[in-house]
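The exercises below are meant to be worked with the sequence and the structure side by side. Try each task before turning to its solution.

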Amino acid sequence: MNPLQRYAPLVDDEEAFFAACERPLPSVVRVNTIKTTVARAREALDDEGVAYEPTDWHPGVLKLEDSSPGTNWPYFHGWLHGQEEVSALPAIALDPQPGERVWDTCAAPGSKTTQIAAMMDDEGVLVGNDNNLGRLSALRHNAERLGVTNLVVSNQDARNFSMKPFGERTPEQSGSFEQFDRVLVDAPCSCEGTCRKNPDVLDEWTMNHVKSVAGIQKGILRRAVQVTKAGGTVVYSTCTFAPEENEAILDFVLEREDCKVVEWDVPDGFETAPGITEWEGDEYDPSVTKARRVYPHHNDTGGFFTAKLEVTA
């Protein structure tokens, strides 16, 4: 059975949902404001004769007619970066500020990490972590091409992330810290929402995998809350529709850590649905409705889930 069938009760238009999941994704790039402005990037594309269409909800996210965005010079010089449209949402929810201390728990290959760096004006400390050493080379490559300089790369299991490399060691040491201002948990997941660019994920999907990865998600999100200062922000996101990996994870962590789910401002022009409070006999904390679900037929994107948490102690 197509695993997407299990989510039919959640969507407002089953026919449109399934039809969208079968269409290929548009080619999308994000303007890298570390190296240029949106206006200059768009002017460069115009000069090159590269056709594009700005998205309705973000001036720096552009849809290209060319399915190979890396072939134009603005891209080559780091003015643009290929990034699926919907994957720009977690950084927007995180809202990082220049000078802050931010941790991206599962950073490679770096689309969201470099977006966060740009939102920070490349100032402060951004820790890009991944437990896969091989994938970190892609993170480093993307950061270098896009001109990111505030990035510290680490190779740890985020579930047991150690703050020792960043904590106070000597009175003379500057720039050390023991907690983050903001943390992004773009967690490893079953990836059903990526089926438009990778249909194989549906053939390889199993409920056992969902249950297995859910355990990892719980551990990473708990650690993220633990290392974030009181009043700080943790954003949890996945590219799956499965409540077992979304609302159930939030519900689990809300019971065990000092945090709460809060509203976040979805950009005007981008349609989302609220999180759900029950699924297949399980009930979740009512606050998970503040999370936002993205279905492919609403914005012609992939599927996504994003929740914003505030650390309370």
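A helix is here a DSSP run of H or I that holds at least four residues, and helices are numbered from the N terminus. The model is a predicted one.

**Exercise 1.** Find the helix in which His297 lies, and decide whether the residue is buried or exposed.

*Solution.* First, locate the residue: His297 lies in helix H10. Next, recall the cut-off, since buried means under 20% relative accessible area. His297 has a relative accessibility of 18%, and therefore counts as buried. Finally, look at its surroundings: leaving aside residues up to four places away in sequence, His297 touches Val11, Asp12, Asp13, Ala16, Phe17 and Ala20.

**Exercise 2.** Work out which residues of helix H1 are buried, and why they can be said to lie on the same side of the helix.

*Solution.* Begin with the helix itself, which covers residues 14-22, and in which Phe17, Phe18, Ala20 and Cys21 are buried. These residues are on the same side of H1 because they cover an arc of only 160 degrees around the axis. As background, an α-helix has 3.6 residues a turn, so residues three or four places apart point the same way. Then turn to the face of H1 directed away from the buried side, which carries the exposed residues Glu15 and Glu22. Among what covers the buried residues of H1 is H10. At the N-terminal end, H1 is capped by Asp13, a side-chain oxygen of which lies 3.3 Å from the backbone nitrogen of Glu15.

**Exercise 3.** State where Val38 is found and which residues it touches.

*Solution.* Val38 is found in helix H2, which runs over residues 38-48. Its relative accessible area is 22%, so Val38 is partly exposed. Residues up to four places away in sequence being left out, Val38 touches Val31, Pro59 and Gly60.

Methods. Residues are numbered from 1 along each chain as its sequence is written. This is a predicted model: local features need pLDDT of at least 70, side-chain atom pairs count only at pLDDT 80 or more; totals for chains, interfaces and linings use all residues. Side-chain values use heavy atoms; hydrogens and water are left out. Helices (H or I, at least four residues) and strands (E, at least two) are DSSP runs, numbered from the N terminus. Buried means under 20% relative accessible area, exposed over 50%, partly exposed in between (1.4 Å probe, protein chains only). Contact means heavy atoms within 4.5 Å. The arc is that of the directions from the helix axis to the C-beta atoms. A polar contact is a pair of N or O atoms within 3.5 Å; within protein, one must be able to donate a hydrogen and the other to accept it, and residues adjacent in sequence count only if both atoms are side-chain atoms.
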